[in-house]
Amino acid sequence: MILEVDKLQIHYSTRDGTARAVDGASFTVPEGRIVGLVGESGCGKTTAVRAIMGVLAENGRQAGGRVVFKGQAMDEATTRKLRWRDIAYVPQSAMSSLDPVYTVGAQLVEVMTKRGNHSRASARARSVELFDLVGLNERRLADYPHQFSGGMRQRAAIAMALALEPSLLLADEPVTALDVIVQRQILDVLRSLQQRLHLSMVLVTHDISVVAYLCDEVVVMYAGQVVESGPVRDVLARPRHPYTMGLRNAFPDLLSDALELVPIAGSPPDLREPLSGCRFVPRCPFAQPICGIDAAMSGNGDHRSACRRDSEADTLRTAALDPRTWQRSSSFAMS
Amino acid sequence: MAERADPVTPARTSWPLLPVLRRIVAMPLKDPFAFTGILIYVLFALVALFADQLAPIDPMEILFTKAGKLAANVPPGAEFPLGTTNLGRDIYAQLVYGTRSALAVGLSAAIIVSTVGTIVGLVAGYFGGATDAVLMRIADMALSLPFLPFVIVLTGFLGASTSNIVLAVALLLWPNSARVIRSQVLTLRERAYVEAARVTGASAWRILFVHIAPNILPLSFVYAAIAIGWAIITEASVSFLGFGDSGSVSWGMMLQDAFASQALSRGQYAWFVPPGICIVLIVVAGFFISRGYEEVFMPRLRGR
Amino acid sequence: MRLVLGRFTHNALALLAVTTILFFMFRLMPGTPLAAFINENLNADQQQAMLEQFGLDKPMWQQYFIYLANLLQGEMGLSFFQRRPVMTILLEVLPNSVILTLTSLIIAYIFGVVAGAWLAWKRGTWIERAAVPAVLATRAAPEFWIGMVLLAALSFNAGWFPSGGASSPGMAYSSNWDRIFSLDYVHHLALPVLTLALYLQGLPLLLMRSNMLEVMHEEFVTMARMKGLSEWRIVIGHAARNALLPVVTAFALGVGLSMGGNVVIETVFSWPGIGRLLVQAVSVHDYPLAQGAFLMIALVLALMNFVADLLYMVLDPRVSHGRKG
């Protein structure tokens, strides 16, 4: 395992109380694999990834748990040292993540000379290589960020991330802001890079189709916790947690037999409230009193789920395929 | 924020003003600086109102000592709290009565600037097109005139009177508020409830004054608060240069008097320091108040 | 390029509008229409020359164009009281105003930028909460009053600085350059510059501070942190560089605005500049000189507005380099 996240807790102090953005999340990233981190907005996936980079907002802090990278526990000092050199980040919107007053080439050279061992000359040469890797014309190195189109900007962002030859890439919704065709291109770039360079990747997204297309493993998050994880084929074809079942229904053409788009009613809980038990209960059609107690991950082998009714997963799954299941929540959940 | 103030039922526009007024009253209670600013305004307003009681001496009256000599340049003491000028006038009385002139100039200029600026901003922003272009060109012209020189030339040739000063200030200051209000109107124009009003057949003027104006009014006040200070400083500057209204007592005139009578070389700080401090207080009060309301009505999106 | 031409036209038209306003303003002043250029002070020959030069016997609209044509050649008539060409007089005093303005602004802006950035860094501390209102207070004080207080304290009282003028009586210089760089001149320049700088620093300070606060929350600053760049590099190389753009533009605009505003400072310190000239001309109703001084100030204003536009276009790559896609 190149990365192990163990019971991570990230808290934000807000005017209205402490928001537990990540509340005891655990997952692992095997070396050389692409792990998708999926969930709806606010589930804590971006926060988790930023916490791994050690860059949280002013009011955020790691309140518990730990992150282990290449067998070494990450504290502030180690994080700072490894930043970009071994763990790099690909942002969602490359437009706002690049300084508008410097050329892209200059920013590449900057990170290589200041954080790497490059001289200006070798940095410049490597910049050409990097652009080549991601499929950009080297003449664009002299251009400013705003002169790039969306897709090209993402490629440049990927090039930037690879500058110091990291082993782990954290990509935060790298294709969300792009149109579908360009999305495919960028995902292909990511895949080919991952294969050529033996990268390990964590791909954060809310779009299951991206996960299905690119990832080897998937980790599903809800309300700051991990609810299901395992190999992509397994989890998407045979989900074991009601939330994943519901998610899958939102993308009916993928690996499932559901025929229509069925949204999950309701919305995620307010993370400022103290919560106990399974967070999905209010929206879960299969909730039962036993779900009020926290569930640990259980399951066989790699495919694990945090659902208390995991043993009945197959039955629940069949029921989940029926849209009517989602239109009336369980009697327990209603009370 | 603004949407909640006006539900999508334009026929029933009972009091869109109320939530706005509530916010106007609530803000100073949270912002100590704005509160201080309002306090200062109130204080000066009271001084202006009760000037006769606070300083029973005529500020222009030439005073004599008991011995019959001119009470010139008397240092501050029991009889004259701030001393006297070189012509024997009570400085303290001048300071107190100067408040009236300052507030008169400040308020009248602010009202004119605010009104003209708001109307122009509303019309230009809402109707757009040629109207907008013409109005903005005129605004540009006003802005390309050097401020103080213009006021000087105008008062120098038309005559030194308070109304001329106020006129000159108003003529040059309205574009600033007009521009900001115009851009606010531009954003409001596209809001849902305005669309709804238009769809249900409300006339342009009705939309303008019933729906858009209440949301603009706070901005007008913000600019009015700033304009008061600006007008007072301008009046002081113009008076200092000798183009002020010689008939009335004003802080600017006091400063000019002090300067011309060599008060500086005599070290008569009690003469020329207090008027300046008064100006600073009023202008800074305007800054604090406008800063407080700016936060409420035009919140800056800071980071996340 | 098109942008440049556009801004140039815009500012040129504004200047034209000002000139036109001035033309009509002076014609409508009390006295005969001729009073704008002719006065009993001038002798008969001079009066005749002015009549011809400005076509004062011709219809108004013709006079207007003659007026404009003359202006373009720098011909503004004769001063009633000095009986010399207005342009000559203006050019004599212009350098003093320019030096006063530029020196004060440069000092004010350097201080303001550094202090503003520092205050932004100190966000949330009591220092910041106390400093911002204090700076606002400096902007609330009339500049001439600050000048008066400093004059009284540092010149009359302490005797550190001369009390007015640009040079001590009896000094003679071989050339203008010598005069400007002489110690005596600098000594006289010190107090006016100190006063102006004190008054002017508020704007760049508050502007830089608010820009820095905004920029520090931009995504690219967070990214720079993720890359592990040093705090110094992030704050100076990235944040400040972005925050400075509007400040540079403000500087250019400030030069234009200051020239007009310096009127009062020049009066307090008897500094022989354009502003003081304007005041004197207006008080004695020396119309040609007043017109000329006003126009010169307006010209500098329009020019600096244009420079500000240019600077903004050049310094912001988003404007200077178009999209390529």
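This is a predicted model: local features need pLDDT of at least 70, side-chain atom pairs count only at pLDDT 80 or more; totals for chains, interfaces and linings use all residues.
Strands of a sheet pair through backbone hydrogen bonds, in a parallel or an antiparallel way. In chain A, four strands make up an open sheet. Read across, the order is E2-E1-E4-E5, and the pairing is antiparallel.

Two strands stand at the edges: E2 (17-29) and E5 (72-73) of chain A. Each has a single partner strand, so one side of each is left without a neighbour in the sheet. Strand E1 (residues 3-14) of chain A pairs with strand E4 (residues 60-69) of chain A. Eight bridges join E1 and E4 of chain A, in the antiparallel sense.

## A helix across the strands

Helix H1 of chain A covers residues 45-53. H1 lies across E1, E2 and E4 of chain A. Its direction is at about 105° to E1(A).

## Two helices in chain B

Two packed helices are described by the angle and the distance between their axes. In chain B, take helix H7 (residues 147-158) and helix H10 (residues 204-243). Their axes come within 10 Å and cross at roughly 55°. H7(B) and H10(B) are therefore oblique to each other. Their crossing is right-handed.

Which residues meet at the contact of H7(B) with H10(B)? From H7(B) come B:Leu148, B:Val151, B:Ile152, B:Thr155 and B:Gly156. From H10(B) come B:Thr234, B:Ser237, B:Val238, B:Leu241 and B:Phe243. By class, this contact has six nonpolar, four polar and no charged residues.

Note on methods. Residues are numbered from 1 along each chain as its sequence is written. Chains are lettered from A and ligands numbered from 1 in the order in which they are written. Two strands pair if DSSP finds at least two bridges between them. Two residues are in contact if their C-beta atoms, placed from the backbone, lie within 7 Å. Axes are lines fitted to C-alpha atoms, for helices over the stretch in contact, and angles run from 0 to 180 degrees between N-to-C directions. Angles under 35 degrees count as roughly parallel, over 145 as roughly antiparallel, 65 to 115 as roughly perpendicular and the rest as oblique. A crossing is left-handed if the near helix is turned anticlockwise from the far one by less than a right angle, and right-handed if clockwise. Ala, Val, Leu, Ile, Met, Phe, Trp, Tyr, Cys and Pro count as nonpolar, Asp, Glu, Lys and Arg as charged, and the others, Gly among them, as polar.
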